[in-house]
Amino acid sequence: MKLTFDEATEQFRRELSDWLDDNVPDPATITEPSRSTAHIPAWAQEWQCKLFDAGWLVPGNPPEYGGRHASIIEQFVHHEEMGRRRITPSFNPQGLTIICPSILGFGTEEQKRRWALPILRGEMTAALGMSEPDAGSDLAGLRTRAVLDGDAFVINGQKVWTSGAHDADVILAFVRTDPDAPKHKGISCVLVPTDSAGLTRRPFGSIVGPEDRDFNEVFFDDVRVPVENLVGPLHEGWRVANGSLGHERAMLWLGFAEHLDDVLDRGAAALVEQGRSGDPLVLDWFGNSVIDATALRLLGFRTLAKTRKGTDATELQSILKLFGSEAEQAAALHMLEALGPYGLDHTRATSSPRPLDIKLFTASWWERYVHSFAGTIAGGTSQIQRNIIAERILGLPR
Amino acid sequence: LDFELTDDQLELQRVVHDVVARECTPATVRSALDGGDDADRLWKTFVELDRPSLTVSEADGGMGLGAVELVITLEELGWAADPTAFLATTSQYVPVVRACAPAEARRSLLQAVCAGSTGTVAFAADTVTARHAGDAWALDGNARFVLDADRADEVAVVATVDDGGVGVFVVPGAELTATRVPAFDGSLHVTHVDLAGLAVPTERAFTGPHVEAGVARARDEAVTGLATTMVGASQHILELVLDHVKQRHQFGVPIGSFQAVKHMAVDVFVAIQRARALCQFAALTIAEDDPRRTTAASMAKAAAGDCQRIAARHGIQLFGGLGFTWENDLQLYVRRAKAGELLLGTSAEHRAQVGRAALEVTR
């Protein structure tokens, strides 16, 4: 056990840090905000491209895909350093962290060139079509059908909670191609351009407010998609899904850690400003959240070390997701309630925006609190995580 | 940053677990409760296996290992609800002597530990004073809720010195009056110590500017050590509960198949993971003398407190009526976990300490 990274890793961090010092866009050039998780404003596209060209976009990738063959520890350091500065590499996070890895992991060379590359360069944005009205926690029960007709799939059905679909150029959709197979075995994964005929996207407001329109209902009405848009083998979409979610999960906890750190940083300032920082009840929950933040990182490091050694850490990710999302939620809730009437303030300003701040970091305390349910619901609810831990780690019967 | 136990540390964990699983069974703990001499025999076994000397430097005759190895050991002892003075000796007495005694005294006191003598610390700077009395020192006042002062060979009393500052005064247990408190965990020796003008020779009195800092450092280790035994006891509660809910059938199925039961077990499990990580982190900051050590120790104690609370509550609840009996061994570990919460600062006190430290940086 050691408290510090080795010198080579620190050297990697310094190199990144120096590069960021020189290249993070001038706040004066940042005018247009991103309106959804698939909308990249022009200035942000330039930024993402710059990261791509320098090999700092996805350091674990090979150079031709915006990386530098970085090790998992280096990828972690990259994530941590970006998070510490509260800057984001892409305003199309699911494109960068879920869809591209799926295409790079399961797609053909042609698919990598045609879809992954433009997504990585921010020239195209992508959305993930998984959940359906009747397939949420039971994702494998999805019913959107794709039938092979000559050289195309014909897709019918509906997706929902499709983040950013209305701004995306393409949707990576999970569809049922074999209705007679057991539910995990008849799913395939296809790239559906959003300008396809028969595709309707309907964005809807979230609990944050009617203007917060990131989620979509997506309707497929005889949508024809060329067969070469199939990602991975036919009927093996579940394997791609697990791979995609695996990518989503590996560093997911770090997102919770960053949200939590930000709540604590900006929360501490607000509590001091309101003269509430000496209140014993505040000290109690604040202390608890600081402890959560520390424990989350420690458990995260440990999981990362296992991943590095090639140990399957899938179940451990469930612990991090459960603990991290609930810790973030508790901190945001306490913060909102600790401020008394000041917590009512819903102007977008828990602080002035910094370059490349993700939207959440300038949100009101109300928004931060309600947004924390994204962590406890999306990507497997806390209840599903508890079932997974109980059955796969504690060995309790199904 | 490397937060995994090394192969040697994992081996240590396995060895200690095997020893306590064999030598410190529920029957051992119950016999200690009944006033039997099992605790003495168990202590001799630990000495034969060189366990008390774990963190004594090799130069002083010990194994020369660090705080991380200590918490690995103490978690296992907490798991077994160890009825000996191991916790007080290794996580309180040894750190105080190591940090405060001059070389010669340190060597002789720690060599005695390696040879099997026990020790404890009365952290009593608020209630005990030390004054010069001729060639010696005299201690006045009393110390409350001291571990093992009724049976330890040596008691290191932390007192306020009459000319300012803090001193450590090592008193043979036989020379002081210690009254055992009837604690709900009867296998733990909790005592009150009365020092009515007790004389301490100068060679056993450690004073000077380094002593206050030394005591503070030792206290970090004591807090972390106690926290870690609570994690161990909670772990044992979880293991018993898991066995129970897998075997116990109602409505024709094991009750462990019910989500209400699963989710309670998972919440205990996650609380243990959190607390264990923080205990090991605190140990690491102590071992590496990192400036975060005091806050890290508070985090460990607070998290261990959270962990015992949920483990005890869900543990008894999930056992149903069986958890309410004296016969069920669950109660041994519930008591040990809960008793730890009440000593060396409750979880609420440590949480507030962490909160204050974090908010002060901002202010």
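Which residue lies over the face of Phe123(B)? Arg219(B) does, at 5.2 Å from the ring centre. A charge is taken to sit over a ring if NZ of Lys or CZ of Arg is within 6 Å of the ring centre and within 35 degrees of the ring normal. Arg368(A) is placed likewise over the face of Trp365(A), at 4.8 Å from the ring centre.

A word on what sort of model this is. The structure is predicted, with local features needing pLDDT of at least 70, side-chain atom pairs counting only at pLDDT 80 or more, and totals for chains, interfaces and linings using all residues. Residues are numbered from 1 along each chain as its sequence is written, chains are lettered from A and ligands numbered from 1 in the order in which they are written, and side-chain values use heavy atoms, with hydrogens and water left out.

Next, the aromatic rings. A pair of aromatic rings is described by the distance of the centres and the angle of the planes. Rings of Phe, Tyr and Trp (its six-membered ring) pair if their centres lie within 6.5 Å; planes under 30 degrees apart count as stacked, over 60 as edge-to-face and the rest as tilted. By this rule there are 16 aromatic pairs over all chains. One of them joins Phe46(B) and Phe86(B), whose ring centres are 5.4 Å apart with planes at 70 degrees, so this pair is edge-to-face. Phe46(B) belongs to helix α3 (residues 38–48) of chain B and Phe86(B) to helix α5 (residues 86–100) of chain B, so the pair ties together parts that are 40 residues apart in sequence. Helices (H or I, at least four residues) and strands (E, at least two) are DSSP runs, numbered from the N terminus. Both Phe46(B) and Phe86(B) are buried, where buried means under 20% relative accessible area, exposed over 50% and partly exposed in between (1.4 Å probe, protein chains only). In chain A, ring pairs link Phe5(A), Phe76(A), Trp253(A) and Phe301(A) into a cluster.

On to helix packing. Two packed helices are described by the angle between their axes and the distance between the axes. Axes are lines fitted to C-alpha atoms, for helices over the stretch in contact, and angles run from 0 to 180 degrees between N-to-C directions. Across the two chains, helix α12 (residues 382–393) of chain A packs with helix α8 (residues 259–287) of chain B at an angle of about 80 degrees, their axes 9 Å apart. That makes α12(A) roughly perpendicular to α8(B); angles under 35 degrees count as roughly parallel, over 145 as roughly antiparallel, 65 to 115 as roughly perpendicular and the rest as oblique. Contact means heavy atoms within 4.5 Å. Residues of α12(A) that meet α8(B) include Arg386(A), Ile389(A) and Glu391(A), and among their counterparts in α8(B) are Lys262(B), Val266(B) and Phe269(B). By class, this contact has five nonpolar, four polar and four charged residues. Ala, Val, Leu, Ile, Met, Phe, Trp, Tyr, Cys and Pro count as nonpolar, Asp, Glu, Lys and Arg as charged, and the others, Gly among them, as polar.

Helix α8(B) also has a partner within chain B. The axes of helix α4 (residues 67–79) of chain B and α8(B) come within 7 Å and cross at roughly 150 degrees. On the α4(B) side sit Ala67(B), Val68(B), Val71(B) and Glu75(B), and the residues they meet in α8(B) include Arg276(B), Cys279(B) and Leu284(B). Here the contact divides into eight nonpolar, one polar and two charged residues.

Trp161(A), in the loop between β3 (152–160) and β4 (170–176) of chain A, has a positive phi of about 65 degrees although it is not a glycine; at 47% relative accessibility, Trp161(A) counts as partly exposed. Phe251(B) likewise has a positive phi, near 55 degrees, and lies in the loop between β9 (249–250) and β10 (253–254) of chain B. With 80% relative accessibility, Phe251(B) counts as exposed.

Glu81(A), by contrast, is buried, with a relative accessible area of 2%. This residue lies in helix α3 (residues 72–84) of chain A and touches Arg13(A), Leu16(A), Ser17(A) and Leu20(A), not counting residues up to four places away in sequence. Tyr369(A), in helix α10 (residues 365–371) of chain A, counts as buried at 19% relative accessibility.
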